[in-house]
Amino acid sequence: MPTPEISYNEQRLEKARNGINLLRTQINSVRTGFNPADPGHPHGFPFNSLTVAAGGDAFPSGVNFKAKLRDIGGAVDTALTAHEASLGKLSRALTVNLRLGQDAEYKNVNTANTVGLPNTTTQTKTPTPNTSTNTTSTNTNTTKPN
């Protein structure tokens with residue numbers, strides 16, 4: 001039976017995490033009413049506060065339309081908030097994965113140095129900073145000191 005091989009590609013994980021963080025930023029822009037695809041026209045309203053002038057209270061169709069628009073806007077905002085929270089968890093998991101890989105590499109190098117083996121590491125790794133922003137809960141991740 002062949003021995004399983006562990007493949008750790010730091011650049012690929014970093015690229016995935018950066019893409020996820022960009023998507024989270026875009027979701028938050030959309031939630032506040034900005035179109036991230038059109039920075040030249042930064043205007044709009046948050047989905048959860050959309051309103052429309054559809055007649056007064058004596059116009060039943062307008063009243064119903066206003067209520068439906070408010071409900072749909074709230075549902076869209078709730079869905080976007082849930083997606084952003086899920087992406088935040090994924091970003092934090094990738095950050096932890098990157099740090100664990102780096103910690104394993106540091107331990108391997110230290111163990112090799114302790115027993116007198118030559119250091120064959122070809123590149124110097126620096127701790128991965130936590131660059132994710134978390135808008136749904138507090139983030140207590142800290143970087144490992146050098």
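Student: Quick one to start: does Arg-17 count as buried or exposed?
Tutor: Arg-17 counts as buried, because its relative accessibility is 1%. Buried here means under 20% relative accessible area, exposed means over 50%, and partly exposed is in between (1.4 Å probe, protein chains only). Keep in mind that this is a predicted model, where local features need pLDDT of at least 70, side-chain atom pairs count only at pLDDT 80 or more, and totals for chains, interfaces and linings use all residues. Residues are numbered from 1 along each chain as its sequence is written, and side-chain values use heavy atoms, with hydrogens and water left out.

Student: Got it. Which side chain does Arg-17 meet in a salt bridge?
Tutor: That would be Glu-14, at 2.7 Å from N to O. A salt bridge here is a side-chain nitrogen of Lys or Arg within 4 Å of a carboxyl oxygen of Asp or Glu. Both residues sit in helix α1 (residues 10-31), three residues apart, which is about one turn of the helix. Glu-14 counts as partly exposed because its relative accessibility is 21%.

Student: How are the helices assigned?
Tutor: They are DSSP runs of H or I with at least four residues, while strands are runs of E with at least two, and numbering goes from the N terminus.

Student: And how many helices and strands does the chain have?
Tutor: Two helices and zero strands.

Student: Back to the charges. How many salt bridges are there by this rule?
Tutor: Three. Another of them pairs Arg-24 with Glu-84, with the closest N and O atoms 2.7 Å apart. Arg-24 lies in helix α1 and Glu-84 in helix α2 (residues 60-115), so this pair ties together parts that are 60 residues apart in sequence. Arg-24 and Glu-84 are both buried.

Student: What does Arg-31 form a salt bridge with?
Tutor: With Asp-77, where the closest N and O atoms are 2.9 Å apart. This pair also links distant parts of the chain, with Arg-31 in helix α1 and Asp-77 in helix α2, 46 residues apart. Arg-31 counts as partly exposed because its relative accessibility is 22%, whereas Asp-77, at 9%, counts as buried.

Student: Switching to the whole chain: what share of the residues count as buried?
Tutor: Of the 146 residues, 21% count as buried.

Student: And what about contacts between residues 24 or more positions apart?
Tutor: Those account for 66% of the chain's contacts with a separation of 6 or more. A contact means heavy atoms within 4.5 Å.
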